[in-house]
Amino acid sequence: MSTTAVLHAEWIKIKSLRGTLLPLLAVFGATLAVTVLAFATVGRAEADNADAEPVFDAFYALNFGQIAALGFGTTAVSSEYVTGALRISLAAVPRRGLFYAAKTAVVGAAALLVGLATSFAAFLAGQAFLGEHAIGLGHPGALRACVGGGLYLALMALLATGLTTLLRSGVAVLSLLIPFLLIVSFVVGDVAGGAAQFLPDRAGQQILHEDPAGALGAWQGLAVTAAWTAAALLAGWWALRRRDA
Amino acid sequence: MTSIDVHHLTKEYGTRRAVDDLTFGVAPGRVTGFLGPNGAGKSTTLRLVLGLDRPTSGTATVGGRPYAAYAEPLRQVGALLDAQAAHGSRTARDHLRALAVSNRIASRRVDEVLEEAGLTAVAHKRIKTFSLGMRQRLGIAAALLGDPAVVLLDEPSNGLDPEGIIWIRALMRGLAREGRTVLVSSHLMNETATFADHLVVLGRGRLLADTSMRDFIAAHSTRRVRARTSDPARLRTALARAGHTLEDAGDGRWTVEGARAEDIGALAAHEGVPLLELADEEASLEEAYLALTAEAAEFSAPGTAAAPAEPPVPASTHRPEA
């Protein structure tokens, strides 16, 4: 089969579903909105704090964007399972490896593009409110954080894609991942050093720091997140290949 | 020559055997009705043919190759499995367009099949606003998208209005006339009788019959004569002497089971009994089907389903000894 044709078909499927397209746009929209809101109100006060970390603080709103990224990665796959549309899809593209690779590639590419636009836009928009506290892309670690932030969002979307293929339910994945990210990692992560820093979100967010503390460096942390994502995608592939549709 | 060949196909779900050593072929140029009670394994067989489910053993091929071996399968095989499967939030046109693009089918085909299925006016409406009949039409449009040589339809007349049923009937007959292979599952006998040339009948996952419609009805029905007479009492006595029973069919009509019109006519003439009407009654597909599946119908609990089904009952045992 033609790989380009299957990629194109997967893109049409994503773009023709409001439920999938909206979370993708929300990655950008929510991150930017929260950034503007936060920086316009408390931006200067926060930047004035003694423990302020100008690069990392610039990506505060990414916490919201990543929820949307998970939503995008989830709905792109769960739309195949809610009604049994997977059978129609696999009847059209019976080579399951090709089908899965194409879907993953389109989700990954879309999330990466939107993710990069989001992290750069959030960084620049936030700084615009900071006056004398503002830093530029030339600040140490700033450019790395912008690129890394985009990669991080794409990896989170793909993590959800893999898990949704494995569990065949968007509800299951979102009710697993969102509390996990918001509560377990957000709350417990700050307290515990040790193992918590290897959780997918904690590890990946190392790249947002100017000078990452802990066991993992900036790119090492992102690599750990990539490993989580790869594991989820492989588990999804194993399930899709094995199961009756 | 694109036929469907199912060879010793078996599919087990846990301990339940949904399809049990099934072997049959579906030839091009005619409409083959795929019959059987609920749970007989029709839909499972179709999924196995399409490579969606993996067989426990045996093979299913289309044109000699497994479905998944086709580079662009929609150009070879069109299938409607479940009209409700298409995602409700997509428009009909986007749904078809994604399918067409994946198999490099020209986008004008999308508009053509929408037109053919009578959906042009709602092409840009979301599928969730469609009635079951419209979804069914959309599923049929999707099956026709690649102008395929083989068409598989699972219960296509579900939810269709009378015009829709006439449309799908003409469509299937037309596809067969063009030399395509058409396999249509149904549980509606009278409906199937209007379009099928050939029948494949399943019961408990096993093949009960693979024969032409005409032969099937002949083999699985009793002969019956319908008569009207002005003197039923004398006719009854005359028939009783010849070993026949006259049964009251109500409304002044009488029937004789296991007899032919020429026998009864001769007998009545010999006895001088006036007959007002005399005709052989054609058994319907429904009657023939029910006679065949009466004992094979799956009422058993899961787990016992793997028990051997009753073999087809030879037609002769249905006939009273003349």
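Helices here are DSSP runs of H or I with at least four residues, strands are runs of E with at least two, and both are numbered from the N terminus. The model is predicted: local features need pLDDT of at least 70, side-chain atom pairs count only at pLDDT 80 or more, and totals for chains, interfaces and linings use all residues. Residues are numbered from 1 along each chain as its sequence is written, chains are lettered from A in the order in which they are written, and side-chain values use heavy atoms, with hydrogens and water left out.

**Stop 1: chain A**

Select residues 21-40 of chain A. The span is 100% helix and 0% strand, and its end C-alpha atoms are 28 Å apart. UniProt positions are given in the numbering used here, feature names are shortened, and annotations may be inferred rather than shown by experiment.

The C-alpha trace spans about 60 × 35 × 25 Å along its principal axes. For 245 residues, a compact globule would have a radius of gyration near 18 Å, and the 19 Å of chain A agrees with this. That radius is taken over C-alpha atoms, and the globule rule is 2.2 Å times the number of residues to the power 0.38.

Colour chain A by burial: 51% of its 245 residues are buried, where buried means under 20% relative accessible area, exposed over 50%, and partly exposed in between (1.4 Å probe, protein chains only).

**Stop 2: chain B and its domains**

Turn to chain B and colour domain 1 (4-76 + 148-218) and domain 2 (225-280) separately; these bounds come from an automatic or database domain assignment. The centres of domain 1 and domain 2 of chain B, taken over C-alpha atoms, are 42 Å apart. An unreviewed UniProt entry places the feature "domain: ABC transporter" at residues 4-229 of chain B. That span is 31% helix and 30% strand, and its end C-alpha atoms lie 52 Å apart.

**Stop 3**

Select helix 10 (residues 285-293) of chain B, in which B:Leu285, B:Ala288, B:Tyr289, B:Ala291, B:Leu292 and B:Thr293 are buried. The cover over these buried residues includes strand 3 (30-35), helix 6 (189-193) and strand 8 (198-203) of chain B.

Next, pick B:Val201. Leaving aside neighbours within four places in sequence, its contacts (heavy atoms within 4.5 Å) include B:Leu35, B:Phe216, B:Tyr289, B:Leu292 and B:Thr293.

Which residues touch the most other members of the largest nonpolar core? They are A:Phe59, B:Leu152, B:Val201 and B:Phe216, in a core of 133 residues. The largest share of this core, 13 residues, comes from helix 7 (residues 142-167) of chain A. A second, separate core of 12 residues includes B:Leu235, B:Ala238, B:Ile264 and B:Leu267. A nonpolar core is a set of buried Ala, Val, Leu, Ile, Met, Phe, Trp, Tyr and Cys residues joined through side-chain atoms within 4.5 Å.

**Stop 3: B:Arg253**

Finish at B:Arg253, in strand 12 (residues 253-257) of chain B. Is B:Arg253 buried or partly exposed? B:Arg253 is partly exposed, with a relative accessible area of 32%. Not counting residues up to four places away in sequence, B:Arg253 touches B:Arg226, B:Ala227, B:Arg228, B:Glu247, B:Asp248 and B:Glu277. Its C-alpha atom is separated by 53 Å from that of B:Ala92, 161 residues apart along the chain.
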